Amino acid sequence: MAKLRHPGIELGKMLEARGVSQREFASTINIAHPLLNNILRGNRNINVKIAISLEAAGYEDANYWLTRQLDYSLDIAKKDQNVRKKEEDIKTWNNVARIVPLNYFKKFEDLGIQSSEDIQKIFDLYKVKNYKDLDEKVNTYNPTYFRKSSKFVENKNNVLAWSMLAEHYAEKDNVATFNRSKEKNLINELNEAFYSNVDTKVKCEEILAKYGIKFVILDRPPQTPADGKSFISGKNPAIALSLKYKRLDNFAFTLMHELGHIFLHFTNPNEKSKYKGQEFFVNSSNSFIEEFQADSYAQKSLIPEELWEDFILLSYDFSDDTILEFSEEHRIHPGIVRGRVCHEYPEYYKKRTSITNLNKLT
């Protein structure tokens with residue numbers, strides 16, 4: 001393909017062939033001589049007004065000059081590295097939009113992900129080098145322990161987006177050194193926070209940080225039926241919750257469930273090598289043994305089994321008064337007690353109760 005020349009070069013040759021001087025022609029088409037000189041040298045573009053003047057002076061029609069100028073300008077632009085990079089970024093951004101929920105990330109202003117200029121931030125967030133690696137990561141993503149409720153539609157790409165964002169925020173979190181020997185102390189402090197239910201989310205975050213566990217609460221994108229995730233972030237365990245429900249009993253159970261994964265699986269000396277690089281999600285449908293283990297851990301941590309057995313034996317109708325009395329005696333929040341009652345005896349779920357207002361997460 002022949003190299004495109006600036007149309008001003010061609011105009012100069014036309015003037016030379018006709019024996020017309022630059023000054024004479026500048027006067028003819030009523031423009032400054034320096035401007036014409038720069039056009040003939042290829043340093044200034046032929047605009048609409050000049051193109052019309054050239055046509056009027058008998059030098060091709062205006063469309064001819066404008067077309068030549070456009071072709072030349074596009075050719076130069078495509079050879080410009082900055083322009084080419086922007087063009088590639090826009091193409092990549094459009095491809096990324098097909099596999100990544102960009103509108104979800106745009107909600108988090110601190111991420112700075114708003115346009116194609118921010119494409120590298122997407123790669124950094126997903127811990128990949130380029131679009132090819134991103135596409136492979138999205139297509140091969142399969143959280144082994146992710147379980148979804150049949151009531152919700154799952155979008156695997158959105159699940160991964162939520163997961164990567166949780167890891168991103170956990171990486172920024174600075175907490176104490178994790179010591180698994182303090183497990184009982186940690187559980188006791190969390191249960192006290194649940195019982196008082198005052199600034200519960202903030203208090204739990206502070207307690208977990210004191211014991212070396214990172215904690216993230218993160219809204220989910222659409223079609224992401226994940227209540228929580230536990231994983232290892234640097235040298236510390238980490239928990240991310242989505243707070244699908246704004247109830248204390250759900251919050252407490254999900255948090256304790258994820259703690260179960262941390263103590264039973266991720267940091268257990270006899271088990272942690274088995275789960276290296278894995279992640280756990282919890283939802284209402286569980287089938288893996290690890291999920292059952294974590295559920296059992298949560299139940300026993302929130303209400304010790306011997307206390308629950310005594311409560312079941314002594315309760316006939318699980319009335320609010322009975323639940324409140326048990327709650328006060330053992331310093332277990334009534335919402336947590338009723339939550340387990342409804343889980344094991346579903347017919348009580350729709351029963352009128354005064355505990356609902358007490359069960360609101362703060």
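**Disulfides and cysteines**

I searched for disulfides, meaning pairs of cysteine sulfur atoms within 2.5 Å, and found zero in the structure. Cys 204 has a relative accessible area of 0%, so I put it down as buried. Cys 342 comes out at 11%, so that is buried too.

**What I am looking at**

This is a predicted model, where local features need pLDDT of at least 70 and side-chain atom pairs count only at pLDDT 80 or more, while totals for chains, interfaces and linings use all residues. Residues are numbered from 1 along each chain as its sequence is written, and side-chain values use heavy atoms, with hydrogens and water left out.

**Lys 214**

I found Lys 214 in strand 1 (residues 214–217); strands (E, at least two residues) and helices (H or I, at least four) are DSSP runs numbered from the N terminus. Is Lys 214 buried or exposed? Its relative accessibility is 6%, so it counts as buried. Beyond its neighbours within four places in sequence, its contacts (heavy atoms within 4.5 Å) include Glu 171, Asp 173, Asn 236 and Pro 237. I also noted a polar contact (N or O atoms within 3.5 Å, one able to donate a hydrogen and the other to accept it; residues adjacent in sequence count only if both atoms are side-chain atoms): the Lys 214 side chain reaches the backbone oxygen of Ala 170 at 3.1 Å.

**Helix 10**

Helix 10 covers residues 156–171. I checked its length: the expected span is 1.5 Å times one less than the number of residues, so its 16 residues should span 22 Å, and the end C-alpha atoms are 23 Å apart, which agrees. Of those 16 residues, 14 are buried. At its start, a side-chain oxygen of Asn 155 comes within 3.0 Å of the backbone nitrogen of Asn 157.

**Helix 13**

I repeated the check on helix 13 (residues 248–266): 19 residues should span 27 Å, and the end C-alpha atoms sit 26 Å apart, which agrees. Helix 13 is mostly covered as well, with 17 of its 19 residues buried.

Methods:
Buried < 20%, exposed > 50% of the residue type's maximum accessible area, 1.4 Å probe, protein only.
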